[in-house]
Amino acid sequence: MVSVVDRRHVTQIDVRHVQARLMLSSTLCVQRRLIRLHAPSTTRVGPATGPYSRTWMRLREACDTGTYNTIIISFLTTFGHGTYTLDLSGHPLASIGDDIKHCQSKGILVLLSIGGPSASAAANYSLPSPQSAADLADYLWHAFLAGGHAGIPRPFGDVALNGIDFYITHGGAAGEHYADLARRLSGRRGVTLTATVRCAFPDPDLAAALATGLFSRIHVRLYGDLKCEWGQFDSWNKWAAAFPASRVFVGVVAAPQADQDAYLFQKDLYYGILQFAEKVPNYGGLMIWDRYYDKMNHYISSS
């Protein structure tokens, strides 16, 4: 679990720059406070579409900056059909496990995000039945968490991730069984559950799952949602008020290249949202998309 030092800033990272990428994305939490930004930080690493053109970087490098306290590897993009796809965009898996261990040795949480944006061609997921939820819970436990079962490959080797992030953008509103999945995972030893939700409240695809009360953290994306006032405190505060038992993070993009319309300059982020959010008891921190853009623009990280 993330300790109280997590009340810093959340940054979203792009797993394209971790060494492997099967629709893999990571979220890192900032360990160091940014001037005027007094929230914890989480960074999400996300997959790229089309030809890979960015400078490759290792997950270890992000953890060594001393900036983040949580990493979310995204995405497991295919599940619910008896097949599973972790999209790492062709990057080799060889060093990911060692990098994860390195990050965890520094006290950094490493989670796996399931689902992903519906607009992605790789997104092919659903949980149409309680049995499909049970099957996915077993797969995640044995392939990525503290389990292990003959015949189920472990892409990152013997390392056990700290938990699962739900990034669901379709199907949940139609009655799919993400609440069942949350219940099954929460019953496993040491599994942290988080959710990455759209800005506009409520999020119909995750409403049933969140109603279980099993998610310790909620990351609110103040981008990628045209129904939301990205720069307004009220948009985020609806989430914080609805889930007082969860730590609620402010999610923003780290550079205009990530989302020109949603990008907030640091002073606008502070005066429009953070100066109010940091006074809310269950404020968790700042989530930034993503490590690549953060490194390029120095939004949170100085390196």
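## Model and overall make-up

The model is predicted: local features need pLDDT of at least 70, side-chain atom pairs count only at pLDDT 80 or more, and totals for chains, interfaces and linings use all residues. Residues are numbered from 1 along each chain as its sequence is written, and side-chain values use heavy atoms, with hydrogens and water left out.

The chain holds eight helices and twelve strands. Helices (H or I, at least four residues) and strands (E, at least two) are DSSP runs, numbered from the N terminus. Of the 303 residues in the chain, 58% are buried. Buried means under 20% relative accessible area, exposed over 50%, and partly exposed in between (1.4 Å probe, protein chains only).

## Disulfides

A disulfide is a covalent bond between the sulfur atoms of two cysteines. Here the term covers a pair of cysteine sulfur atoms within 2.5 Å. By this rule there are two disulfides. With the bonded cysteines numbered in sequence order, the pairing reads 1-2, 3-4.

Cysteine 63 is joined to cysteine 103, S to S 2.0 Å. The link of cysteine 63 and cysteine 103 is right-handed, with 100° about the S-S bond. Cysteine 63 sits in helix 1 (residues 59–64) and cysteine 103 in helix 2 (residues 96–105), so the bond ties together parts 40 residues apart in sequence. Cysteine 63 is buried at 2% relative accessible area. Cysteine 103 is buried too, at 0%.

The other bond joins cysteine 199 and cysteine 228, with sulfur atoms 1.5 Å apart. This pair links distant parts of the chain, 29 residues apart. Cysteine 199 lies in the loop between strand 9 (192–198) and helix 5 (207–210). Cysteine 228 lies in the loop between strand 10 (217–221) and helix 6. Cysteine 199 is buried, at 1% relative accessible area. Cysteine 228 is buried, at 9%.

## Aromatic pairs

A pair of aromatic rings is described by the distance of the centres and the angle of the planes. Rings of Phe, Tyr and Trp (its six-membered ring) pair if their centres lie within 6.5 Å; planes under 30 degrees apart count as stacked, over 60 as edge-to-face and the rest as tilted. The structure holds 16 aromatic pairs.

One of them joins phenylalanine 233 and tryptophan 236, a tilted pair at 6.0 Å centre to centre with 40° between the planes. Both residues lie in helix 6 (residues 233–242), three residues apart, about one turn of the helix. Phenylalanine 233 and tryptophan 236 are both buried. The rings of tyrosine 263 and phenylalanine 265 have centres 5.2 Å apart and planes at 75°, so this pair is edge-to-face. Tyrosine 263 is buried, at 15% relative accessibility. Phenylalanine 265 is exposed, at 52%. Elsewhere, ring pairs link Tyr84, Tyr139, Phe144 and Phe156 into a cluster.

## Packing of helices 3 and 4

Two packed helices are described by the angle between their axes and the distance between the axes. Helix 3 (residues 130–143) and helix 4 (residues 178–186) pack at about 40°, with axes 9 Å apart. Axes are lines fitted to C-alpha atoms, for helices over the stretch in contact, and angles run from 0 to 180 degrees between N-to-C directions.

From helix 3, Pro130, Ala133, Ala134, Leu136, Ala137 and Leu140 take part. They meet Asp180, Leu181, Arg184 and Leu185 in helix 4. The contact residues divide into eight nonpolar, no polar and two charged. Ala, Val, Leu, Ile, Met, Phe, Trp, Tyr, Cys and Pro count as nonpolar, Asp, Glu, Lys and Arg as charged, and the others, Gly among them, as polar.

A cis peptide bond joins phenylalanine 201 and proline 202, with omega about -5°. Proline 202 lies in the loop between strand 9 and helix 5.

Another cis peptide bond joins tryptophan 289 and aspartate 290, with omega about 0°. Aspartate 290 is in the loop between strand 12 (283–289) and helix 8 (291–297). Histidine 298 is not a glycine, yet has a positive phi of about 55°. Histidine 298 lies in the segment after helix 8. At 44% relative accessibility, histidine 298 is partly exposed.

Methods
Contact means heavy atoms within 4.5 Å.
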